[in-house]
Amino acid sequence: MSFKNCNFDETNADNNMVKIYRPGAIGALLDEYERAIAELKLVITDITDDDLVKIVDPDTASEHCRSIQTVLTHVVSSGYVYATCIFNLKGHNLARPEEILRFTVKAYRDDLDSVFTFTESVFNEIKDNELEQMDAALKINSRWGQLYDIEQMTEHAIVHILRHRRQIEKFKLLLG
């Protein structure tokens, strides 16, 4: 039995809501990206706006990892970078938005929703057969020097959120 291009019903036999999966390889990537963002949003829900801006790691070498605020700013900015790189691979010339420090958890939750909405719109121009590329000329040359095809860049984006979600979980423990 093949599940290719198969969406599951909205309700099951017990009339409970069931997740609808997007079809194809792009659908799988978007579903997992959406899940990673949802998990991060859940982790930050109970953070106070005061704790958001507290310096938790003053000794880190990375300015993006001093507080939950700086971590979330980095996550949002990076999300736009990944999607913009994919978008520009299709012949566009879009500049990524500037990093913006927010001062409320709600603002970051809204930003994370916007990142996903933008990423989803970028994938409207992508076909499943464009995800994997062996030809370096068809890959994204990242700012950090790594070559990625669209699938690899999206997988990197997903894991990036997971790593920083874990970091924020640890910061929350330190904040008590």
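This section describes the confidence of a predicted model and the packing of its helices.

The structure is a predicted model, in which local features need pLDDT of at least 70, side-chain atom pairs count only at pLDDT 80 or more, and totals for chains, interfaces and linings use all residues. Residues are numbered from 1 along each chain as its sequence is written, and side-chain values use heavy atoms, with hydrogens and water left out.

The protein averages a pLDDT (the predictor's confidence in each residue, from 0 to 100) of 92, and 90% of the residues score at least 70. Over residues 1-10 the pLDDT falls below 50. This stretch still has 17 contacts (heavy atoms within 4.5 Å) beyond near neighbours in sequence. Where pLDDT is low, predicted coordinates should not be read in detail.

Helices here are DSSP runs (H or I, at least four residues), numbered from the N terminus. Helix 3 covers residues 68-89. G91 follows helix 3 and has a positive phi, near 100°.

Helix 3 packs against helix 4 (residues 105-122) at an angle of about 10°, with the axes 9 Å apart. Axes are lines fitted to C-alpha atoms over the stretch in contact, and angles run from 0 to 180 degrees between N-to-C directions. The pair is therefore roughly parallel (under 35 degrees). Residues in this contact include L72, V76 and Y80 of helix 3, and L112, V115 and F118 of helix 4. The contact divides into twelve nonpolar (Ala, Val, Leu, Ile, Met, Phe, Trp, Tyr, Cys and Pro), one charged (Asp, Glu, Lys and Arg) and six polar residues (the others, Gly among them).

Helix 1 (residues 24-44) also meets helix 4. Their axes come within 10 Å and cross at roughly 175°. Helix 1 and helix 4 are therefore roughly antiparallel (over 145 degrees). Among the residues in contact are L30, Y33 and I37 of helix 1, with Y108, L112 and F116 of helix 4. This contact comprises eleven nonpolar, one polar and five charged residues.

D51 lies in helix 2 (residues 49-53). At 19% relative accessibility, D51 counts as buried. Leaving aside neighbours within four places in sequence, D51 is in contact with I68 and L175.

Conventions. Helix = DSSP H or I, 4+ residues; strand = E, 2+ residues; numbered from the N terminus. Parallel < 35°, antiparallel > 145°, perpendicular 65-115°, else oblique. Buried < 20%, exposed > 50% of the residue type's maximum accessible area, 1.4 Å probe, protein only.
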